Amino acid sequence: MELSRQSRFHAVARQIGHTFNGEIRIGGNYVSAVRNGNDLYISGQIPRVNDTVMVTGRVGEAVTLEQAQYAAKLCTMRALAVLIQQTGSLDHVKKVLRINVFVNSAADFTQQSEVADGASEVLYAVLGDAGAHTRTSVGVYQLPKGASVEVDMLVALEP
Amino acid sequence: MELSRQSRFHAVARQIGHTFNGEIRIGGNYVSAVRNGNDLYISGQIPRVNDTVMVTGRVGEAVTLEQAQYAAKLCTMRALAVLIQQTGSLDHVKKVLRINVFVNSAADFTQQSEVADGASEVLYAVLGDAGAHTRTSVGVYQLPKGASVEVDMLVALEP
Amino acid sequence: MELSRQSRFHAVARQIGHTFNGEIRIGGNYVSAVRNGNDLYISGQIPRVNDTVMVTGRVGEAVTLEQAQYAAKLCTMRALAVLIQQTGSLDHVKKVLRINVFVNSAADFTQQSEVADGASEVLYAVLGDAGAHTRTSVGVYQLPKGASVEVDMLVALEP
C-alpha cells in the first residue's frame, strides 16, 4: 500500500531531524500564504526552525554543497508545512507550478542547480508525481538573516 | 467614515513627498502591466520619479536601512500607480498575491526583510486587508541604474 | 503576407546561429514546463546549446553588454523551444505574462535592463503583439554553471 503524502512528509521530517509541527511564523508585515481560486502562493522560506536559522553563510565558502542542499530541504519542508496549515493536509495539491531557489553564493560558486535539487527531492519524496515542478535557481549576494538558501513556491490545488 | 483607497494612496504619496500623478514610463522594450483574466502582472519597479532614480547604491554601505525602506515605498507606490493607470482606480483590487523585493546589498547586509517591510507597509496603508500579500525578499548584487531596491507585484482583481 | 510565428522563430534562430531543433534537456530533478489550465510555467533557462553553456562569466567584466544580450536571446529562444515541445507550436500563445531576467553582474554593472532588452526583442520578433510582457531584471552574484544570464517565463495560452 502506498504511503499517504502526510506519512511521507513526516518520514522526510524525521530524516531532516525536525518535526515541522509548530506554527510557521514569519518575520515581517505580510502573510505566509495567499490563496486565489485554486492557486496558493507561499512566501519565501528560509531554513528556520522555531527562532533559529539553521544554515547561514555563503555556499562555497562557509557552507558546503551538502549543507546547502540540507538548507534547501528545510526551506521546502517549511513551505509544505505552510501549505498544510492553510489547507489542512497535503491531499489537495494538484501540481507544484513553480519554485524559486535563491542561493547565498560565494563569488565562484556555480552549483545553484545542485543546491536546488535538495528542494526538488523533497517535493518528489512527499508528493510523488504531483511534485513535478518548474524551477529557477540563482546565486544571490545575501539573504535575510544571512540564510544560505531561500525558497518560494506556487501550488495549484484541486478545485 | 473609512477613507477610500484613493485617498489613502494620496496620503501616502504626500508623506513620501511625490504625487505619482504622471505617467509611469519604463525604460525598455516591454510593458508595465499585463492583465490575464483577473490577474494583473506588474513589471519590476525601481524608485524612480520622472527620470530620476531617487535612491541608488548598496544598502548597508552607501544607503541606510531607513533610506532603503523609503526606496521600497517608492517602488510600491509606482506599482500601485501602474495599477491605477491600467484599471482606473484601486477599487478593483481583490488581493495582492505576491511581491518580490530585490535589495542591492552590501556583502554583510542581512536585513532584506526589514527593507521589504517598507513595501508591505504601503500595501496595508493603501489597501487595508486586501493588501495582505506573500513576499520574497533577497539581496542582489546590482540593480538597473544602480537602484537600491526593485519591487514587482502580482495582483488579483475583482471579476 | 505576414510570416507565421514558426517562420519568425526559425529566422531568429538563424540570426543567432543555432537551430533549437533538438530536445531541450534540463540538468536537475524537475521539469522544463508545467501547464495549469491555460498558464504555462517555464523553468529558468541558461544560454545552453546542447551540453555547452555558450556565454559564461560576469557581465561588465569578462562579458560585454552585447554578449550578454546575445545570451538573453539564447535563453529566450530556449524557453520558446520548450513551449513548442509542450504545445506543438507557437500558435497557442495568447500572452507572455512575465519574464524574469537574472544577469550575472560585475559589482558596478547597472545595465541589467539593457541586457533584458535582448530577451524582449526576441519575444516581439517571434510573437508580435502577443509578445508584449512584464519584466523584472536584476543583477545576481552567480548563476548555474557560471552562465551570464538566466531567463524564466510565464505564458498564457489560448483556451
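Predicted model: local features only at pLDDT ≥ 70, side-chain atom pairs only at ≥ 80, totals over all residues.
Residues are numbered from 1 along each chain as its sequence is written, and chains are lettered from A and ligands numbered from 1 in the order in which they are written. Local features need pLDDT of at least 70 and side-chain atom pairs count only at pLDDT 80 or more, while totals for chains, interfaces and linings use all residues.

Chain A holds three helices and seven strands (DSSP runs numbered from the N terminus: H or I over at least four residues, E over at least two). Their order along the sequence is α-β-β-β-β-α-β-α-β-β. The radius of gyration of chain A, over C-alpha atoms, is 15 Å. The C-alpha trace spans about 45 × 40 × 25 Å along its principal axes. Buried residues make up 54% of chain A (20 or more other C-beta atoms within 10 Å of the residue's own, C-beta atoms being placed from the backbone).

In chain C, five strands form an open sheet in the order β1-β2-β7-β5-β6, with mixed pairing (at least two DSSP bridges per strand pair). Strands β1 (33–36) and β6 (134–140) of chain C are the edges, each pairing on one side only. Strands β2 (residues 39–45) and β7 (residues 149–157) of chain C pair in the antiparallel sense over five bridges. Here Ile42(C) stands opposite Met153(C) in β7(C).

Conventions. Rg over C-alpha atoms; globule rule 2.2 N^0.38 Å. Buried ≥ 20, exposed ≤ 12 C-beta atoms within 10 Å, placed from the backbone.
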